[in-house]
Amino acid sequence: MESMKRFLAGLTAVCTVLGAYTATAHAQVSLRVASEEPFSNPPRLAAQFGLEHLRDNVPRLTGNAVSIQLYPGAALGSEKELIRSVGSGIIDATVMSPGNAGSLIPEVQLFSASYLFTNYAHAKRVLTNDAFFNRLHKIIADKKLGFQLAGLSLTGTRNLYSRTRAVDSLESLKGIKMRVMNSPTEYKVWSTLGTLPSAIPGPEIYSALQTGVVDAAESSLPAIASGKYYEVAPNITLTHHQFNLHIYLVGDRALAKVPEAARPGFLKAFREAAEHQLDAAIRLADQTLAHLRQQSNVKVIEIDTKPLAERLRPIQDEVAANLKVTDVLEMIRSMQ
C-alpha cells in the first residue's frame, strides 16, 4: 500500500511538471498595437479595417502563437508619443502618418510633396512593391530606433475645399487665402500654386473658414465629411494632390517575443493588413464622395490636375535631393 502511495505521488508530480511544460510550450504571445485612429461601428476610417484585419489574422498566420490587442483612439497616446513608445517597447506596434514620423525619420517627409502618385492604381503598385518596401525598411532599420517598417498603406487622398470661389484650374488658385499644415513643404507647395498659405491648427479650420480668415483648406474626403467643412466651404475640388500614407511599425523588442518559426507569418500579417487598409481607403473614398454629392449645397468640381502636377514637379526633386532619397522618388516615378 505504501509503495502504491509513493507511485501515485510520483505520477502526480510528473503530470504536474508535464502540464506546466505543455502550458509554457503553448503559451500565446499577446502584443499591444496602438493607434491614434478612432474606431466606430461601422468603420469610417481605413485604418480601422487594416488594424482589425491584423488582429483577426495574426493568430492564423502564426499558428496561434501570437495574438493582438488593439488600442485605438489615442488611448495610449498621440502618434508622436506612440512612435517613441514602440521604439522603447512600451507598446509593440503602431500605424501612423509620415508627418508624425518625420521627426525621427526625416526621409518620409518626401511623401508630403504633392503629386507623387498619379492615381490609386499607381499608389498601390508602389506601396505593395517588395523592392520599394525593402528600400524604406532599410532606411528605417539603419537608424536603429528600436523599430522596423512592417507595412505601407493609405488613408486616402487630400482635396481642396473653398468657401466662395469654385477652384477649377491652376489660374483660379491665385490669391486664395489657403489654410495649410505647419510644414515648410506645405508652405512651398501652396505658395508655388499661387495661394497665400496660412498655418491654422486643425480644430480651428471650421471657424477660420466660417469667418473668412481663410478662403480654402485641404483634407481627405472622410475628414471633409466628418468635420462637416462642406457646410462653410461647399466647393470641393478633386485635386487629389496628396496621397496620405500610413506606415505600420513594429518594435524590435516585440519581434523578439515572437517565436522564430512564427515570425515570417507575423510579418506577413502586417503586409496583408496594410494592403487591406489600402483597398478600404479606395472604397471609403468612393462612398464618401457619393455622400458629399448628395448634400444640397455642395458642388463637386473635377479639375485637370496635370498643370498643378507639372508646376510642383521641381519641388519633388528638391525635397528628394535634400532628404537624400532621390532613388526613392525615381522608384515611384518608374511605376507610373
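Biologist: By class, what residues does the lining of the largest cavity have?
Modeller: Eight nonpolar, no polar and one charged. Here Ala, Val, Leu, Ile, Met, Phe, Trp, Tyr, Cys and Pro are nonpolar, Asp, Glu, Lys and Arg are charged, and the others, Gly among them, are polar. One caveat: this is a predicted model, where local features need pLDDT of at least 70, side-chain atom pairs need 80 or more, and totals for chains, interfaces and linings use all residues. Residues are numbered from 1 along each chain as its sequence is written, and side-chain values use heavy atoms, without hydrogens and water.

Biologist: Which residues line the largest cavity?
Modeller: Ile105, Glu107, Val108, Leu136, Ile139, Ile140, Leu149, Leu152 and Ile247. A cavity is a set of points on a 1 Å grid over the protein atoms alone where a 1.4 Å probe fits but cannot get out, and lining residues have an atom within 4 Å of a point.

Biologist: Which element gives the most to that lining?
Modeller: α6, with three residues. Both α6 (130–141) and β4 (147–162) supply at least two. Helices (H or I, at least four residues) and strands (E, at least two) are DSSP runs, numbered from the N terminus.

Biologist: And how much space lies in the cavity?
Modeller: About 60 Å³, counted as the space filled by probe spheres set on grid points joined across faces, edges and corners.

Biologist: Switching topic, how many helices and strands are there in the protein?
Modeller: 13 helices and nine strands.

Biologist: What share of the residues counts as buried?
Modeller: 50% of the 336 residues, with buried meaning under 20% relative accessible area (1.4 Å probe, protein chains only).

Methods
1 Å grid on protein atoms, 1.4 Å probe; cavity = no way out; pocket = protein on both sides within 12 Å on 5 of 7 lines; lining within 4 Å.
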